[in-house]
Amino acid sequence: MDNITLSEVAGLGVGTLLLCATIAAPKIDSFISASQRSSLGMCKKCGDLRLIACSKCRGTGLVKAGGLLSFNFLDDMYQSLGGESKVKRIKCTECQATGRFCCPNCSKVPPVPS
Ligand SMILES: [Zn+2]
Ligand SMILES: [Zn+2]
C-alpha cells in the first residue's frame, strides 16, 4: 500500500463523492430542497414548477391494470431487464393520464373537470 499516496486516496475519495453526487443529485435535491426552497421563498412542494408528479402513476400517466403488487413488482423487474411488459397499462385516473397535477400549494385554480 506504499505506492498509494495520501493525495491519491483523497483524489479517489473526491472522485467517488462526485460520482455519488451525480447519481444522487435528484435525491439530494429533493431531500434538501424543502428547507432551501422555503428560504428562497419558493413553493416547498413543487419548487415553483406549479406541477407535482402524480404519485399513482409516477408521472408516466399510465398505470398497470390489475393492481396485484407482487405481479407489478415482477413486471417492473422484467421491464428493467429489457423485457416487454406483459401487464396491460391503462390511463391513470388520478391525473387524467397527464402524469402531473397542478401544485395545490401555489395553484389556486381548481383542476378543470373533464
Ligand atoms: Zn397519474
Ligand atoms: Zn407549488
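Reader: Is Pro-104 buried, partly exposed or exposed?

Author: In this predicted model, Pro-104 lies in the segment after strand 4. A residue counts as buried with 20 or more other C-beta atoms within 10 Å, and as exposed with 12 or fewer. Pro-104 has 13 other C-beta atoms within 10 Å, and therefore its class is partly exposed.

Reader: What distance separates the C-alpha atoms of Pro-104 and Leu-51?

Author: Pro-104 belongs to the segment that follows strand 4. In sequence, Pro-104 and Leu-51 are 53 residues apart. In space, their C-alpha to C-alpha distance is 8.6 Å.

Reader: In what pattern do the helices and strands follow one another along the sequence?

Author: The chain has two helices and four strands. Read along the sequence, these elements follow the pattern α-β-β-α-β-β.

Reader: Why does Val-63 count as buried?

Author: Val-63 is part of strand 2, which spans residues 62-64. The class of buried requires 20 or more other C-beta atoms within 10 Å. Val-63 is buried because its C-beta neighbours inside 10 Å number 21.

Reader: Which residues are in contact with Val-63, leaving aside its neighbours within four places in sequence?

Author: Val-63 sits in strand 2. A contact requires C-beta atoms that lie within 7 Å of each other. With the neighbours within four places in sequence left aside, the contacts of Val-63 are Lys-56, Cys-57, Arg-89, Ile-90 and Cys-92.

Reader: How far apart are the C-alpha atoms of Val-63 and Glu-94?

Author: Along the chain, Val-63 and Glu-94 are 31 residues apart. The separation of their C-alpha atoms is 9.8 Å.

Reader: What share of the contacts with a separation of 6 or more joins residues 24 or more positions apart?

Author: The count takes in the contacts in the chain with a separation of 6 or more. Among these, residues 24 or more positions apart account for 66%.

Reader: Where is Ala-97 placed in the chain?

Author: Ala-97, a residue other than glycine, has a positive phi near 65°. With 15 other C-beta atoms within 10 Å, Ala-97 is partly exposed. Its place is the loop between strand 3 (89-91) and strand 4 (100-102).

Notes. Residues are numbered from 1 along each chain as its sequence is written. Chains are lettered from A and ligands numbered from 1 in the order in which they are written. This is a predicted model: local features need pLDDT of at least 70, side-chain atom pairs count only at pLDDT 80 or more; totals for chains, interfaces and linings use all residues. Two residues are in contact if their C-beta atoms, placed from the backbone, lie within 7 Å.
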